[in-house]
Amino acid sequence: MAVACAVTAATVLLPLASAAPDAAGGAAVRGPASMAAAPAAPLDTCQDPEASLRPSGLDGAAIARIKAAGKLVAGVDQNSFRWGYRNQAEDGAGLDGFDIDLVKAIAQDILGDPNAVIYRAIPTSQRIPALQEGRVDIVVRTMTINCKRLEEVAFSTAYFEAGQQVLAPRGSKITGYDTSLRDQRICFAAGSTAEATLKAQSYGSVPVTVPNQLDCLVRLQLGEVDGIVTDNALAAGQAAQDPSVRLVGSPFTREFYGVAMNKDASDLVRRVNKVLEEYRSGGDESRWMKSYLKHLQPVLPGVTAPPAPKYRDG
């Protein structure tokens with residue numbers, strides 16, 4: 001059951017607000033004043049939000065700061081089954097999942113050690129503030145790239161394609177994102193793309209907002225809400241955990257996940273895109289595909305390849 005996965009950040013991860021030192025005693029928390037990299041060029045338009053800066057292995061101020069600290073500080077989820085979660089089957093019951101594999105690949109490239117990571121559990125609504133305030137270097141947390149968010153943070157190229165869908169109890173009268181939502185209590189996470197979608201078109205549903213997407217599943221299990229709108233990639237994992245719920249209707253959006261970073265860390269954006277180039281390469285033998293087969297294929301079958309990268313100049 002998904003409820004069992006809802007553990008506190010203190011058991012595995014450093015609290016988001018704490019100033020945790022790295023192994024050498026240096027400050028691992030990155031304050032805004034240390035974000036000294038040249039600002040990324042402003043986006044005059046947002047016709048192609050998935051287009052990111054071209055890959056580069058060159059170090060800049062953001063990379064130098066991470067190397068000096070000796071740790072990559074990553075904002076992640078610890079309650080999203082198959083993406084970022086506490087896997088009791090792993091030695092030491094450590095964090096596991098598709099997003100966690102990608103964090104380790106980035107740490108390996110920058111620091112030469114996949115475990116040179118400080119993980120910070122952050123709620124959906126805190127993903128952008130955590131980057132803007134320098135509390136994390138990257139966010140790898142099923143975060144959709146879109147124009148509004150590009151005004152506040154920078155993104156890598158897309159590493160996964162998903163879509164919004166409705167999760168409801170078996171036997172529910174809800175049939176999807178349609179008029180069957182009228183008068184139904186529909187849950188979503190604050191700061192999520194589901195929130196924006198339902199604000200634009202609620203179909204007469206009653207909104208219920210929570211800090212974390214998993215809180216919606218708990219409320220659904222307790223009968224406090226009637227349905228959930230979220231990414232189908234996340235919902236598929238929750239349905240696999242709890243056979244009393246299921247995805248209904250079809251995905252009604254097309255969304256792409258990216259690694260989010262501070263807007264001023266253009267060298268880090270380029271470096272992450274370099275990592276993703278290597279991560280995707282190799283077809284069925286790529287690290288991306290191996291991670292997909294291990295973590296996601298059992299709950300989200302049918303994916304044959306990662307999304308192709310898109311780039312922009314400046």
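Student: Which way do β8 and strand β14 run, and how many bridges join them?
Tutor: Strand β8 and strand β14 (residues 255-261) run antiparallel and are joined by six bridges, where strands are DSSP runs of E of at least two residues, helices are runs of H or I of at least four, and both are numbered from the N terminus. Two strands are said to pair if DSSP finds at least two bridges between them.

Student: Before we go on, what sort of model is this?
Tutor: This is a predicted model, in which local features need pLDDT of at least 70 and side-chain atom pairs count only at pLDDT 80 or more, while totals for chains, interfaces and linings use all residues. Residues are numbered from 1 along each chain as its sequence is written, and side-chain values use heavy atoms, with hydrogens and water left out.

Student: OK. Is β8 mostly covered or uncovered?
Tutor: Strand β8 (residues 154-162) is mostly covered, with eight of its nine residues buried, where buried means under 20% relative accessible area, exposed means over 50%, and partly exposed is in between, with a 1.4 Å probe and protein chains only.

Student: And what is the strand order in the sheet of five strands?
Tutor: The order is β6-β2-β7-β14-β8, in an open sheet with mixed pairing. Because β6 (117-121) and β8 each have a single partner strand, they stand at the edges, and one side of each is left without a neighbour in the sheet. Helix α2 (residues 98-111) packs on this sheet and touches β2, β6, β7, β8 and β14, and its direction makes about 165 degrees with that of β2; contact here means heavy atoms within 4.5 Å, and such angles run from 0 to 180 degrees between N-to-C directions, the axes being lines fitted to C-alpha atoms, for helices over the stretch in contact.

Student: Where does the parallel pairing come in, for β2 and β7?
Tutor: Strand β2 (residues 72-76) and strand β7 (residues 138-139) run parallel and are joined by two bridges, and Ala74 has Ile138 in β7 as its bridge partner.

Student: Which strands make up the open sheet of three?
Tutor: The order there is β3-β4-β5, with antiparallel pairing. The edge strands are β3 (79-80) and β5 (95-96), each of which pairs on one side only. Strand β4 (residues 84-86) is joined to β5 by two bridges, and in β5 the bridge partner of Arg86 is Leu95.

Student: Switching to helices: at what angle do α1 and α8 pack?
Tutor: Helix α1 (residues 61-69) and helix α8 (residues 266-280) pack at about 80 degrees, with their axes 6 Å apart. They are therefore roughly perpendicular to each other, on a scale where under 35 degrees counts as roughly parallel, over 145 as roughly antiparallel, 65 to 115 as roughly perpendicular and the rest as oblique.

Student: Which residues meet there?
Tutor: Ala61, Ala62, Ile63 and Ile66 in α1 meet Asp267, Leu268 and Arg271 in α8. These residues divide into five nonpolar, no polar and two charged, with Ala, Val, Leu, Ile, Met, Phe, Trp, Tyr, Cys and Pro counted as nonpolar, Asp, Glu, Lys and Arg as charged, and the others, Gly among them, as polar.

Student: Is Arg271 buried or exposed?
Tutor: Arg271 counts as buried, because its relative accessibility is 7%. Not counting residues up to four places away in sequence, Arg271 touches Ser56, Gly57, Leu58, Asp59, Ile63, Asp109 and Ile110.

Student: What about α7, how many of its residues are buried?
Tutor: Eight of the ten residues of helix α7 (residues 232-241) are buried, so α7 is largely enclosed by the rest of the structure. Among them are Asn232, Leu234, Gly237 and Gln241.

Student: Last one: where is Tyr203, and what is its phi?
Tutor: Tyr203 lies in the loop between α5 (193-200) and β11 (206-210), and has a positive phi of about 55 degrees although it is not a glycine. At 25% relative accessibility, Tyr203 counts as partly exposed. Tyr203 and Thr179 are 24 residues apart in sequence and 5.4 Å apart in space, C-alpha to C-alpha.
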